[in-house]
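Reader: I would like to go through this structure with you and ask, term by term, what each label rests on. Please set each value against its cut-off before you conclude.

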Amino acid sequence: MSDQYISKQVLEAGLRKLNTDLAEYTQRLDNKSAEIVDRLLALEQRGASGAPVPERKGGNLANHIFDHANFKSLLQGNGKSCRIDLPAGLVHANKAAIVTDGQVLSPAMRVPGIVAGPARRRRVRDLLPIGQTSQNMVEFTRELVFTNNAGPQYGSPAVENVTKPESGVTFQLLESPVRTLAHWIPLSKQVLADSAQLQGYINGRLLEGLADAEDAQLLNGDGTGGGLEGILHAGNFVAAPGAVSGENSLDRIRRTFAALAADELTPDGVLLHPNDWADLELNKTTTGEYLLGTPGAATAPSLWGVPVVTSTAIAEGTFLCGAFGMGAQIWDREQASVQVSYDDRDNFVKNMATVLVEERIALTVYRPKAFRMGTF
């Protein structure tokens, strides 16, 4: 009987080993199939965009979001919302091209050439020093008038036992409240599972849109309606020198630099509307050469060595020259963060999620004379 039958224990052990081997083989087959699909999708996107597809290295915004434990927990059904704080500098760092990160969307899905977010450009924030605050109000001292009477200790005819020269400075104690800048968009849960699509929304829309609003507030905010009191608000700047007959736009800016220097301030930035900067770049000599370099030169915008930042936040025909590093400061109360929530109105029944981007900042203008605003 022992030669014709297999014991129950031996049979069960054999079946267990067979199941284990089959599971391992199936896992290897699934991994290989996923790898092949990933490569095909990457090649298709590379061919559509004409650019190589970089590997996912965890250094950009979307990778930070998708690798964050809070976001993974949300996708697994734990909770209805999550908050993802972004590391300092990540929001304002250069944005990489939007490509697949290796996640398989669907073998049947073919959407090559996902639109990338706009290229990173310089912002008003880039010209100003940045501090951190843990309060919702920042008190600061503004310098109003400084009278410099420094000189030799002298009183005719003696040079000893004589009162030294006295200088004067007046200050004003002011407060700058922390303000919240934010906006949001609805997204389907399917888009949340599609990393490339979500990265496009975040990099190309929400964060750049928040930076646009920040530029506008830092320059033009009037302090009402929950906004900042910007640099171009009354009292935060002085007028540039008046126009001189026969001068051009370049002359106007150069004389404004001289006015700053006369007040012992070194200009470190110029803000211009993109159309005004284009007009300056198109200036030519009488023989047809461009004054500000050749069209093919990939140089950073500058005038007489001073960086130029273009922004639609400043009105066309208007310029702002300043010693930004000495004149004002941004205070980050909460750096830009991304929040995702299913628990918003009727998101549950619509299979939707809400993605919110916000920051909390304050602005302190220490020296109005450090900023000169004028028109062409």
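This is a predicted model: local features need pLDDT of at least 70, side-chain atom pairs count only at pLDDT 80 or more; totals for chains, interfaces and linings use all residues.

Reader: What makes the phi of Trp-304 worth a remark?

Author: Most residues other than glycine have a negative phi. Trp-304 is not a glycine, and yet its phi is positive, at about 50°. Asn-351 can be set beside it, for its phi is near 60°, again a positive value in a residue other than glycine. Asn-351 sits in the loop between helix 9 (347-350) and strand 12.

Reader: Why is Asn-351 called partly exposed?

Author: The relative accessibility of Asn-351 is 31%.

Reader: How do you know whether Val-138 is buried or exposed?

Author: Val-138, which belongs to strand 3 (residues 137-147), has a relative accessible area of 8%. That value is under the 20% cut-off, and therefore Val-138 is called buried. Leaving aside residues up to four places away in sequence, Val-138 touches Thr-133, Leu-174, Glu-175, Ser-176, Trp-331, Ala-362 and Thr-364. The pair Val-138 and Trp-331 is separated by 193 residues in sequence, while their C-alpha atoms are 8.2 Å apart in space.

Reader: Which residues stand opposite Trp-331 in the strands that pair with strand 11?

Author: Gly-131 has Trp-331 of strand 11 as its bridge partner, and Trp-331 also stands opposite Ala-362 in strand 12.

Reader: How do you know that strand 11 pairs with strand 2 and with strand 12?

Author: Two strands pair if at least two bridges are found between them. Strand 2 (residues 130-132) is joined to strand 11 by three bridges, and the two run parallel, whereas eleven bridges join strand 11 to strand 12 (residues 352-365) in the antiparallel sense. Strand 11 (residues 328-341) is itself mostly covered, with ten of its 14 residues buried.

Reader: What makes strand 6 and strand 8 edge strands?

Author: Six strands form an open sheet of mixed pairing, in the order 6-13-10-7-9-8. Strand 6 (238-239) and strand 8 (302-303) each have a single partner strand, so one side of each is left without a neighbour in the sheet. Within this order, strand 7 (residues 269-272) and strand 9 (residues 306-310) pair in the parallel sense over three bridges, and Val-270 stands opposite Val-308 in strand 9.

Reader: Why does Phe-171 count as exposed?

Author: Its relative accessibility is 52%, which is over 50%, and therefore Phe-171 counts as exposed. Phe-171 is found in strand 4 (residues 168-177), and together with Phe-146 and Val-169 it makes a nonpolar surface patch of about 310 Å².

Reader: What confidence does the predictor attach to the protein chain?

Author: The mean pLDDT is 79, and 71% of the residues reach 70 or more. Over residues 92-114 the pLDDT is below 50, although this stretch has 50 contacts in the model beyond near neighbours in sequence.

Note on methods:
Residues are numbered from 1 along each chain as its sequence is written. Side-chain values use heavy atoms; hydrogens and water are left out. Patches are made of residues with over 30% relative accessible area and no salt bridge: like charges are joined within 9 Å, nonpolar side chains (Val, Leu, Ile, Met, Phe, Trp, Tyr) within 5 Å. Accessible areas come from the Shrake-Rupley method with a 1.4 Å probe; for residues, only the protein chains shown count as cover. A salt bridge is a side-chain nitrogen of Lys or Arg within 4 Å of a carboxyl oxygen of Asp or Glu. Helices (H or I, at least four residues) and strands (E, at least two) are DSSP runs, numbered from the N terminus. Buried means under 20% relative accessible area, exposed over 50%, partly exposed in between (1.4 Å probe, protein chains only). pLDDT is the predictor's confidence in each residue, from 0 to 100. Contact means heavy atoms within 4.5 Å.
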